[in-house]
Amino acid sequence: MTWSALPLGKRPPGRWALKARFVIADLPEGRRLIPDGEVVTENDRVVWVGHRFEGELSARYDMGEALIGPGFVDLDALSDLDTTVLGMDNQPGWKKGRVWPTDYAARAYEMYSPEELAFQKRYAFAQLLLNGITSALPIASLFYRAWGETVAEFEAAAVAAEDLGLRVWLGPAYRSGGVILGGAGTMQPVFDEERGLAELADAAAFAQRIHGAAGGLISGMFAPDRVETCTETLLRRTFDTANGLDMPVRLHMAQGEMELQTVRRLHGVTAPEWLDRLDLLSPRLIAPHATVATDDDLARYAASGVTIAHCPLVSARHGSSLKSFSRVKAMGIRIGMGTDTAPPDMVLNMAVGLMVNRMAESRGNAGLAAEFYDAATIAGADALKRPDLGRIAPGSKADIAVFDMADRMIAPRIDPIQTLVYGATGRITRATIVDGRLSMRDGQVAGIDLAAARNQAQAQFDGLVARYPERTFGHPPVEEIFPPSYPLGRASSEVSP
């Protein structure tokens, strides 16, 4: 059977090989580049990696001028329709519906139907596969929710992950409160702790029930929302439960000025210092962004084994950055990668991360392409305590990404990893294999009609934007909240002879 004839969503039968001009292998002596190499898999595992396998095979598929590497591990993977674009040129955010005004907070409702939320997970998971991401911890905004996420939509997410063939850690986000705008436009935190605790109980029951489903493709996790929306009781119970179940906790903190000021007002310290005082910093914690982390905050992360989920693209879009990737690594802090925006392009995130790092360090040699590639693979897997992920080695899971090194590349190639990071985007991903199953090939994902899904996603997004005046301070019209980049015009008149 030829590669193009291999059915999407299926595992090739027997023991089979995938070969290419370049293979990234994780050997006992470390990570190595194997020219003209191949990877042999059987069922859900890699069984051999090297130059050419001489044993019996059911098939060998030659990918030609391509790079075969481990699939990316996305610690902060977008799982809804990305609304960060609405706040890029439209500022300040509090005037543009990014913070609830009091009158809306009193009647906040779900801006998407259950069916729309289920679709968004499926659509977002497909986008991850298109970009070579094989393991993901989904993240969605709670700005458009009545409060937190629901178990029902995560039941649908589990179905979508199994149908499409994506490895996921799932847990509905919950919170004890939020920041709202008073009548004078001043921000005030409000809390409903019992509501948050009830959501935590639901999330814990879901995580236990779903853990290990779909043949191990689905795992449980805990996702308390941004740190300023959580009370001490909610966080203590979260970590107690996660410790008992041995599951990861992801908590966004040290990520923005509003959070920094709110937490200081509530607790008198930064968020990492607050959690340190509560004795909640641990290797179980994945903390996205860290863009406003102080030197002392970073030292706390280093001492406690916290993993930073670095999402350089979304941070740079909003004018912030980690300070810096090289410094964080030098401090001994584990740093994995996340996307947290659309497109969920890990290759582009590595490129932006590398460039921003060199600007922050004022050194042209600060951080190497391979360091960012390792962060997007090995470090993310280690944060999840999964040494069988983020690597291509005998015994590892057959989670593989294949990147075109010829037809879709413009720049001449010097080294496949440097070429990938400096000269490509995720659009050169040719195939994504998860658990030994062909989940994506040449822009097609098993279990979804992407052309129809894009139209459906746009219609949902347009509907959300139309309702923005309800949730925006002062309730201005959409045209005022999100003005076009240029004034709207009409066709010019004919030029007279």
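## Overall build

The protein chain holds 16 helices and 22 strands, where helices (H or I, at least four residues) and strands (E, at least two) are DSSP runs numbered from the N terminus. Its radius of gyration is 23 Å, close to the 23 Å that the globule rule gives for 497 residues, so the chain is as compact as a globular protein of that length. The radius is taken over C-alpha atoms, and the globule rule is 2.2 Å times the number of residues to the power 0.38. The C-alpha trace spans about 80 × 75 × 45 Å along its principal axes.

This is a predicted model: local features need pLDDT of at least 70, side-chain atom pairs count only at pLDDT 80 or more, and totals for chains, interfaces and linings use all residues. Residues are numbered from 1 along each chain as its sequence is written, and side-chain values use heavy atoms, with hydrogens and water left out.

## Burial and contacts

Of the 497 residues, 58% count as buried (under 20% relative accessible area, 1.4 Å probe, protein chains only). Among contacts (heavy atoms within 4.5 Å) between residues at least 6 apart in sequence, 76% join residues at least 24 apart.

## Helix α13

Helix α13 covers residues 369-383, 15 residues in total, and reaches 20 Å from its first C-alpha to its last, close to the 21 Å expected at 1.5 Å a residue; the expected span is 1.5 Å times one less than the number of residues. At A375, α13 bends by about 40°, the angle between axes fitted to the seven residues ending there and the seven starting there.

A375 is also among the buried residues of α13, which include F372, Y373 and T377. After α13 comes K385, with a positive phi near 60°.

Notes: Buried means under 20% relative accessible area, exposed over 50%, partly exposed in between (1.4 Å probe, protein chains only).
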